[in-house]
Amino acid sequence: MHQVTVLLSGNSTPTGDGRFRAAGTVTLIHGALNVVVDTGDPGQRRQLLDALATQGLSPADIAYVVNTHGHLDHIGNNNLFPGATFILDTDVSRDGVYWTHDFDRGPLELPCPVREAPVTVMRTAGHTDHDLSVIVDTSIGRVAIVGDLFEYEHDGIDRAWMQWSRNAEQQRTSRAAVLALARHIVPGHGNMFAVSPERRSRES
């Protein structure tokens, strides 16, 4: 069964001059299929390589890189994985060859080399017009790795996610859909958290 490990926990901190210091969460799905979801800020190159090494992996071991959306703090180290298949928005690419997946017709399932529940990529727009989330069944239940659909665990209380939302109503719908199917969520700027029944009810 696949496992999910947060390699680098994201952050977003005001610098006091109207700017933010930010880095997106980088997550590893490992098992029959090795997938990296988001690759963080360019300044995190060394940390990302070291974090992979602690899992006994190198970039060459990664079959897929899924970018939840195209913001720089989430795609900054894509070039570490030249042998991977990349997914961003409707684009899928490998070795410089591109094709598209029509998410209007359904999610994209990443084929596993052994008989196991697939790793699924689904559209969850709202933060941008092209957000993707990755859904995977693990020993702790179903995990959704969602980029900035959720900024961090408590963004449903302080409504921080709304500050960065391109389409708040669409994002609210996407958030409710993820809360309904996942037991744990990996947000775009924080650590994995468990989904409580109260939160499902509050944001449904």
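Helix α1 (residues 45-54) lies across β1 and β4 (26-30). Its direction runs at about 150° to that of β1. The model is predicted, and every value here is computed from it.

**The sheet**

β1 and β4 belong to an open sheet of seven strands. The strand order is β1-β4-β5-β6-β7-β8-β9, and the pairing is mixed. Two strands stand at the edges: β1 (3-8) and β9 (97-100). Each has a single partner strand, so one side of each is left without a neighbour in the sheet. From one strand to the next, the twist averages 20°. Strands of a sheet pair through backbone hydrogen bonds, either parallel or antiparallel.

**A hairpin**

β2 and β3 form a hairpin with five residues between the strands. Their pairing is antiparallel, again over four bridges. Ser 12 has Ala 22 in β3 as its bridge partner. Gly 16 takes a positive phi near 95° in this hairpin.

| Strand pair | Residues | Bridges | Residues facing each other |
|---|---|---|---|
| β2 and β3 | 11-14 and 20-23 | four | Ser 12 and Ala 22 |

**A buried serine**

Helix α4 spans residues 168-181 and holds Ser 174. Is Ser 174 buried or exposed? The relative accessibility of Ser 174 is 11%; buried means under 20%, so Ser 174 counts as buried. Which residues does Ser 174 touch, leaving aside its neighbours within four places in sequence? The contacts are Thr 124, Ala 125 and Leu 149.

**The whole chain**

The chain contains five helices and 15 strands. Its radius of gyration is 16 Å, close to the 17 Å that the globule rule gives for 204 residues. The chain is therefore as compact as a globular protein of that length. Taken along the principal axes, the C-alpha atoms fill a box of roughly 40 × 40 × 30 Å.

Buried residues account for 49% of the 204. Contacts were also sorted by sequence separation. Among those between residues at least 6 apart, 56% join residues at least 24 apart.

Conventions: Residues are numbered from 1 along each chain as its sequence is written. This is a predicted model: local features need pLDDT of at least 70, side-chain atom pairs count only at pLDDT 80 or more; totals for chains, interfaces and linings use all residues. Side-chain values use heavy atoms; hydrogens and water are left out. Buried means under 20% relative accessible area, exposed over 50%, partly exposed in between (1.4 Å probe, protein chains only). Contact means heavy atoms within 4.5 Å. Two strands pair if DSSP finds at least two bridges between them. Axes are lines fitted to C-alpha atoms, for helices over the stretch in contact, and angles run from 0 to 180 degrees between N-to-C directions. The radius of gyration is taken over C-alpha atoms; the globule rule is 2.2 Å times the number of residues to the power 0.38.
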